[in-house]
Amino acid sequence: MNVVDRNLGERLAEIKNAKIVKSFCYTCPWQCPTEVFVRDGRIVYQKGNPEAPNNIGARCAKGMASWHVSQDPDRLKYPMLRTNPKGEPGQFKRITWDEAFSFIADKLKDIAEKWGPESVALTCHHDPNTNFYHHLLKDLYGSPNMYAHTSGCEQDRRAAVLTLFGHVFPMHDFANSKYVMLWGMNNLGANQGLWESRALMDAKDKGCRLVVVDPNFTETAQKADEWVPIQPGTDGAMALAMCKVIIDEKLYDEAFVNAHCEGFNGFRDHLNEKGYTPEWAEGVCGIDAERIKRLAREFATTKPAMSAIFKGSGFYTNGHDAGRACYILDALCGEVDKPGNINLKDWAPLTAPVKIPEDVMAQPGKDPLHVAMGYPLAPDLPNSKLPDAVMNGDPYPVKAWFVHATNPVMSDPNRDRVQDMFKNLELAVSMELYMSETSLECDIVLPETSFHEHAEIRQGMWLGPEVVLCQPVVEPVGEAKPAYEIVKGIAEKMGWGEHFPYETWEDWAEVALSDIPMSVEELKEKGFWAGEVRYNRVPDGLPTPSGKIEIYSKQYEEQGLNPYPNFVERSVIPDDDYPIQVTHSKLSMHCNIVTQNNPYLMEICGENWVEVNSVDAAKYGVRDGEMCIIESPKDSIEIRAKVVEGLVPGCISIRHGHGFGHWAMGATAKGKGAHSNNLMDTHTNPVTGANCYNECKVRIRSAS
Ligand SMILES: Nc1nc2c(c(=O)[nH]1)N[C@H]1C(S)=C(S)[C@@H](COP(=O)(O)OP(=O)(O)OC[C@H]3O[C@@H](n4cnc5c(=O)[nH]c(N)nc54)[C@H](O)[C@@H]3O)O[C@H]1N2
Ligand SMILES: Nc1nc2c(c(=O)[nH]1)N[C@H]1C(S)=C(S)[C@@H](COP(=O)(O)OP(=O)(O)OC[C@H]3O[C@@H](n4cnc5c(=O)[nH]c(N)nc54)[C@H](O)[C@@H]3O)O[C@H]1N2
Ligand code: SF4
Ligand SMILES: [Mo]
């Protein structure tokens, strides 16, 4: 890999004389505030911003190597228009931005006339500058269907924390905790916020006990005091049994529960009626009853404590109730929003960067898709249902899809169906860094700038309210444009140019910061604004319908759903033909399918793999370091095997970063590793609409 620069002496000299710009990294969603070292128009180094509370100077390989994206010769450079029919791999010709804006504006007008603006949807992952698209497509055009990618990620958790606490994304106050129980969260591997991982390790040094519940002996489990090797898809059973022990043995915080929780008595009766005892749970989750009791007692009697999930216990059809049960443990013990607990953080008072006057604001004529699809409690679009809307008009036709910094062909389950959907769209627009697998299915592909080439202002991922800024440190690649310029260009062609009056990014940044006690210039100097960390918001009343923590949820009852969490088996169970359960986990040296064209990271970690327990490996003839075949009822892949001891037998762990099987993206990424997402069929969480990536049974064998 000759792109990798090995001349360390020269590099250090460059770093020494470089200009330092405060910014943030968005290689992964944790957006660490950074210092970017720039010399002669090139980025020569990047590290964490030591002053920012949510980075404190920390570095990770992905962030440090991220400058490569601003110099990657494989990046998209020009707007590209499809020249061949849909259904074939896309062929494209270069067009001008003016042609691209006219093409999209004309199509949008036509679609509004024929199908109504509701038939246009947008999903995004990597880029909250997406709010500029929202102003255009929602506020002015009139589509209610502006969505993110949460159903492909932590939708089950998000729905759980919204129901229980009325909070969209609680953070973790590890630093003050004495007992941390993580259910399928691998902070140290899928580094979720470097500062959180550091806080967790510091807390451990001060005597905090760390318990990791995970079928896999992950990087975090390896640092834990106790690893609980649970059977996949069964966290709900174990957490409900722990709740029962805590209630039966009167270990809960009675005063807290009486004052701040809705439905405690009903929940107690529910646990009794269903018989959610530790002995029952043992038969389901494989953890012995005595151990469940001990963990329950420890959790309830060590203070402060925290039980937290992210998305590991999701990804199953029963994942949402599992998540609720894990957080009810916090509620029962009064361990919510105090120091050392999950933290219901305050958000910074950011203002929308564009003001659309009330009298021109469009009124959508239909319910947003998630409501029309029958998932009113879903925090985001159940995107596994989108093909039904596109291909069958169910619940109503979707004719255009704007795909912003997300690659559903690679990232969603059941790739075949996602690709089929694209053939049926009248307009598919991809806003990307690369000609991604999804871009290849689109009509038009717009090259966007990366976070090193444009400005963004976001909520920081920290305990207190925080604003973080990334600013253009180098020139855009080719003719790539930031979202705010692309939207302005389309809006001008639609006759709405006046609503996007900014000339420079600082113009809209000033609007965004209206209520933040920091000017744009100061923010450029410092890179972040941070407010006070607060605790104890529960007694003030929470933004739930009752103002309390809702162990019982009336909203669920009204939707015909169980108002208390239940345990129901997941929908796909291994059998004689397909005896192995699939699970997924991330690669520590890559982020999702974003970094696989980075030669530095590829040199460290050049392909993904599957972890197989040694018992299963012996049984099925799979050898360490060699290729194996994984077959599901739907498809098969060839992937390298890592034989391990620390994994529950009967399940495999496929390291995501399946982007290694990229057939598009760039020369470095192409063809490396395996793409696992066509192994699974479409399964959707019945409440939250989350994608269920682990609802998949397979058989494995050696490839040789
Ligand atoms: N290095 C790196 N960092 C990343 C990312 C990356 O790709 N690489 N991605 C970013 C993104 S988008 C996200 S969402 C986060 C993800 O952060 P995490 O969710 O912490 O990371 P994963 O590796 O996906 O962890 C999922 C864990 O769930 C476990 N698991 C599977 N099934 C079950 C189950 O039934 N019960 C329990 N208890 N555990 C189960 C898996 O074994 C795995 O260890 O990381 C972010 N940060
Ligand atoms: N099998 C399996 N599938 C999974 C997972 C798993 O563990 N296993 N994890 C799931 C999870 S947690 C998530 S979050 C999803 C993520 O899946 P996606 O929503 O697809 O998001 P990413 O993989 O983060 O990035 C997708 C695209 O964003 C582009 N991109 C990156 N930065 C920028 C930018 O600044 N601007 C623009 N316009 N584009 C950019 C990249 O080139 C890439 O093609 O995948 C899910 N899919
Ligand atoms: S943790 Fe994520 S955001 Fe932070 S430096 Fe690493 S890749 Fe960038
Ligand atoms: Mo994610």
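The space taken by ligand 3 is the largest cavity. A cavity here is a set of points, on a 1 Å grid over the protein atoms alone, where a 1.4 Å probe fits but cannot get out; a molecule sits in one if more than half of its atoms lie within 2 Å of its grid points. Heads-up: this is a predicted model, where local features need pLDDT of at least 70, side-chain atom pairs count only at pLDDT 80 or more, and totals for chains, interfaces and linings use all residues. Residues are numbered from 1 along each chain as its sequence is written, chains are lettered from A and ligands numbered from 1 in the order in which they are written, and side-chain values use heavy atoms, with hydrogens and water left out.

**Around ligand 3**

- The residues around ligand 3 (one heavy atom within 4 Å of it) are Cys25, Thr27, Cys28, Trp30, Gln31, Cys32, Cys60, Lys62, Gly63 and Leu194.
- Sorted by class, that shell has six nonpolar, three polar and one charged residues; Ala, Val, Leu, Ile, Met, Phe, Trp, Tyr, Cys and Pro count as nonpolar, Asp, Glu, Lys and Arg as charged, and the others, Gly among them, as polar.
- Gln31, one of the shell residues, has a positive phi near 40 degrees despite not being glycine.
- You'll find Gln31 in the loop between strand S1 (19-24) and strand S2 (33-39); strands are DSSP runs of E, at least two residues, and helices are runs of H or I, at least four.

**Helix packing**

- Axes are lines fitted to C-alpha atoms, for helices over the stretch in contact, and angles run from 0 to 180 degrees between N-to-C directions.
- H8 (residues 235-248) and H11 (residues 278-285) pack at about 165 degrees with axes 9 Å apart, so they are roughly antiparallel (over 145 degrees).
- Their crossing, H8 with H11, is left-handed, as the near helix is turned anticlockwise from the far one by less than a right angle.
- H4 (residues 130-140) and H18 (residues 483-494) pack at about 15 degrees, axes 8 Å apart, which makes H4 roughly parallel to H18 (under 35 degrees); the crossing is left-handed.
- H11 and H12 pack at about 115 degrees, axes 8 Å apart, which makes H11 roughly perpendicular to H12 (65 to 115 degrees).
- The H11 and H12 crossing is right-handed, meaning clockwise.

**Cis peptide bonds**

- Most peptide bonds are trans.
- Lys303 and Pro304 are joined by a cis bond, omega about -5 degrees, and Pro304 is in the loop between H12 (289-301) and S13 (305-309).
- Asp394 to Pro395 is also cis, with omega near 5 degrees; Pro395 is in the loop between H15 (386-392) and S15 (400-404).

Notes:
1 Å grid on protein atoms, 1.4 Å probe; cavity = no way out; pocket = protein on both sides within 12 Å on 5 of 7 lines; lining within 4 Å.
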